[in-house]
Amino acid sequence: MANVNIKKVKSSEIEFKDRLVSIQRVTKVTKGGRTFSFSAIVVVGNEKGVVGYGLGKAKEVTTAISKGIDDAKKHLIQVPVHKGTIPHFQQGKYSGARVLIKPASHGTGVIAGGPMRAVLESVGVTDVLAKSTGSSNPHSVVKATIDALTKLRDPFSVAQQRGIPLEKVFNG
């Protein structure tokens, strides 16, 4: 089933904050010796519901990070954020990584581990409970978190889809 609520966003008109999730030194062995390069995972977001991630690879750290930022700006999605938290419980998975995110009451904070925290804070979520299970590979955890966020549905679209008033969505 194709995911219908992935809303692509143009990066030109938005001010972004970037977060470096992980950087790895990669070694390639050739007949002339070892060649070192760097791989960087970067998450960008405007802290108002727009987030994206990117991967940059280069011979130098700074170049890898800037390539990652450029890549992240090409893969932006819109996420529904409701009063500083997410609208409902959601699970996401990518490869061996699985994540669960739950809405939390005001004042809870972002209860999440490394790569998940970077993604959730970049979205602009201030109160959420999150758990990462399975693989702890930063690449997979970031992609699983993005998967969970793309599956989120805002209350307005749910009310419209069901043909009921918005208040009835919240009251059950």
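These are my notebook entries on a predicted model of one protein chain.

**Entry 1: the whole chain**

I started with the overall count. The chain has five helices and eight strands. I then read the elements along the sequence and wrote down the pattern β-β-β-α-β-β-β-β-α-β-α-α-α. For the extent, I took the box along the principal axes, which the C-alpha atoms fill at roughly 70 × 35 × 35 Å. I looked up burial next: of the 172 residues in the chain, 37% are buried. I also checked how far apart in sequence the contacting residues are. Taking contacts between residues at least 6 apart in sequence, I found that 58% join residues at least 24 apart.

β1 covers residues 17–30 and pairs with β2 in the antiparallel sense, over 13 bridges. As a reference point I noted I23, which stands opposite A40 in β2. How many residues lie between β1 and β2 in their hairpin? I found two residues between them.

β2 (residues 33–45) goes on to β3 (residues 50–58), and eight bridges join these two antiparallel strands. Here V42 has G54 of β3 opposite it. The hairpin of β2 and β3 has four residues between the strands, and in it E47 takes a positive phi near 60°.

β3 is also joined to β4 (residues 76–78), by three bridges and again antiparallel. The pair I wrote down for this step is G52 and, opposite it in β4, L76.

For background, strands of a sheet pair through backbone hydrogen bonds, either parallel or antiparallel.

**Entry 2: helix α2**

I checked how much of α2 is covered. Seven of its ten residues are buried, so I noted the helix as mostly covered. The buried residues are P115, M116, A118, V119, L120, S122 and V123. Just after α2 comes G124, which takes a positive phi of about 110°.

**Entry 3: α2 against α3**

Two packed helices are described by the angle between their axes and the distance between the axes. I looked up both values for this pair. α2 and α3 pack at an angle of about 40°, and their axes are 8 Å apart. That angle makes α2 oblique to α3. The crossing of α2 past α3 is right-handed.

Which residues make the contact? From α2 I listed P115, M116, V119, L120 and V123, and from α3 P138, V141, V142, T145, I146 and L149. I sorted the residues of this contact by type: ten are nonpolar, one is polar and none is charged. As a general point on such lists, an α-helix has 3.6 residues a turn, so residues three or four places apart point the same way. Going back to the burial list, I found P115, M116, V119, L120 and V123 there too, among the buried residues of α2.

S140 lies in helix α3. Is S140 buried or exposed? Its relative accessibility is 8%; the cut-off for buried is under 20%, so S140 counts as buried.

I then asked which residues S140 touches, leaving out those up to four places away in sequence. They are Y94, S95, A97 and S135.

For a distance across the model I took S140 and K31. These two are 109 residues apart in sequence, and their C-alpha atoms are 32 Å apart in space.

Note on methods: Residues are numbered from 1 along each chain as its sequence is written. This is a predicted model: local features need pLDDT of at least 70, side-chain atom pairs count only at pLDDT 80 or more; totals for chains, interfaces and linings use all residues. Side-chain values use heavy atoms; hydrogens and water are left out. Buried means under 20% relative accessible area, exposed over 50%, partly exposed in between (1.4 Å probe, protein chains only). Contact means heavy atoms within 4.5 Å. Axes are lines fitted to C-alpha atoms, for helices over the stretch in contact, and angles run from 0 to 180 degrees between N-to-C directions. Angles under 35 degrees count as roughly parallel, over 145 as roughly antiparallel, 65 to 115 as roughly perpendicular and the rest as oblique. A crossing is left-handed if the near helix is turned anticlockwise from the far one by less than a right angle, and right-handed if clockwise. Ala, Val, Leu, Ile, Met, Phe, Trp, Tyr, Cys and Pro count as nonpolar, Asp, Glu, Lys and Arg as charged, and the others, Gly among them, as polar. Two strands pair if DSSP finds at least two bridges between them.
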